Amino acid sequence: ASIMLPQPMQRFTQMQASDIDIYRNEIRKTNKNVTALLSRHIGKTEEEISKDIQRPRYFNPYEAVEYGIIDNVLEPDDETFKTLVRAQSAL
């Protein structure tokens with residue numbers, strides 16, 4: 001499994017300039033809200049998060065825990081399966 005930290009969508013084809021300005025302002029507000037919310041909950045600065053969402057960023061489950069997006073990874077109790085799950089995430 002992988003987890004993606006996305007940037008809000010921006011597609012401004014075949015629009016009037018005034019409409020594009022409206023959408024750009026909304027995207028900026030949305031981006032600011034997303035970075036503020038993530039910053040508050042995962043303990044990174046808004047600048048770090050803003051930099052990280054400039055392009056899609058993918059995490060395996062263990063990287064997502066390290067980054068702070070998720071709290072923990074549920075793993076099977078059986079050691080054999082646990083080893084397989086961790087090996088698969090390392091790929």
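Tutor: We will go from the overall layout to single residues. Keep in mind that this is a predicted model.

Student: What is the layout of the protein chain, read along the sequence?

Tutor: The pattern is β-α-α-β-α-α. That comes to 4 helices and 2 strands. Of the 91 residues, 19% count as buried. The accessible surface is about 7200 Å², and 51% of that belongs to carbon and sulfur atoms.

Student: Why is T35 called buried?

Tutor: Its relative accessibility is 6%. Buried means under 20%. T35 therefore counts as buried. This residue is in helix α1, which covers residues 17-42.

Student: What does T35 touch, leaving aside neighbours within four places in sequence?

Tutor: T35 is in contact with E46, I49, S50 and I53. Its side chain also reaches the backbone oxygen of K32, at 3.0 Å.

Student: How do you know that S39 counts as buried?

Tutor: Use the cut-off of under 20% again. S39 has 16% relative accessibility, so S39 counts as buried. S39 is found in helix α1 too.

Student: What makes the approach of S39 to K44 a polar contact?

Tutor: The limit for such a pair of N or O atoms is 3.5 Å. A polar atom of the S39 side chain lies 2.6 Å from the backbone oxygen of K44. That distance is within the limit, so the pair counts as a polar contact. Not counting residues up to four places away, S39 touches K44, T45, E46 and I49.

Student: Which residues make up the largest nonpolar core?

Tutor: There are 7 residues in all: L5, I42, I49, I53, F59, A64 and Y67. In soluble globular proteins, nonpolar side chains tend to be buried together. Take I42 as one of the core residues. Beyond four places in sequence, I42 touches I49, Y67, G68 and I69.

Student: How do you know that F59 and Y67 are buried?

Tutor: The values are 4% for F59 and 8% for Y67. Both fall under the 20% cut-off, so both count as buried.

Student: How many aromatic pairs does a search of the whole structure find?

Tutor: The search finds 1. The partners are F59 and Y67, with ring centres 4.9 Å apart.

Student: Why is that pair called tilted?

Tutor: Look at the planes, which are at 45°. Stacked needs under 30 degrees, and edge-to-face needs over 60.

Student: What sits over the ring of Y67?

Tutor: The charged end of K44 does, 4.7 Å from the ring centre. The distance limit is 6 Å.

Student: Where is F59 placed?

Tutor: F59 is in strand β2, residues 57-59. F59 and M4 are 55 residues apart in sequence and 6.3 Å apart in space, C-alpha to C-alpha.

Student: Why is R57 called partly exposed?

Tutor: Its relative accessibility is 32%. Buried is under 20% and exposed is over 50%. R57 lies in between, so the label is partly exposed. R57 is found in strand β2.

Student: What makes R57 and D52 a polar contact?

Tutor: Their side chains come to 3.2 Å. The limit is 3.5 Å, so this pair is within it. Leaving aside neighbours within four places, R57 is in contact with I3, M4, L5, D52 and Y67. R57 and M4 are 53 residues apart in sequence, yet 5.5 Å apart in space, C-alpha to C-alpha.

How values were computed: Residues are numbered from 1 along each chain as its sequence is written. This is a predicted model: local features need pLDDT of at least 70, side-chain atom pairs count only at pLDDT 80 or more; totals for chains, interfaces and linings use all residues. Side-chain values use heavy atoms; hydrogens and water are left out. Buried means under 20% relative accessible area, exposed over 50%, partly exposed in between (1.4 Å probe, protein chains only). Accessible areas come from the Shrake-Rupley method with a 1.4 Å probe; for residues, only the protein chains shown count as cover. A polar contact is a pair of N or O atoms within 3.5 Å; within protein, one must be able to donate a hydrogen and the other to accept it, and residues adjacent in sequence count only if both atoms are side-chain atoms. Contact means heavy atoms within 4.5 Å. A nonpolar core is a set of buried Ala, Val, Leu, Ile, Met, Phe, Trp, Tyr and Cys residues joined through side-chain atoms within 4.5 Å. Rings of Phe, Tyr and Trp (its six-membered ring) pair if their centres lie within 6.5 Å; planes under 30 degrees apart count as stacked, over 60 as edge-to-face and the rest as tilted. A charge sits over a ring if NZ of Lys or CZ of Arg is within 6 Å of the ring centre and within 35 degrees of the ring normal.
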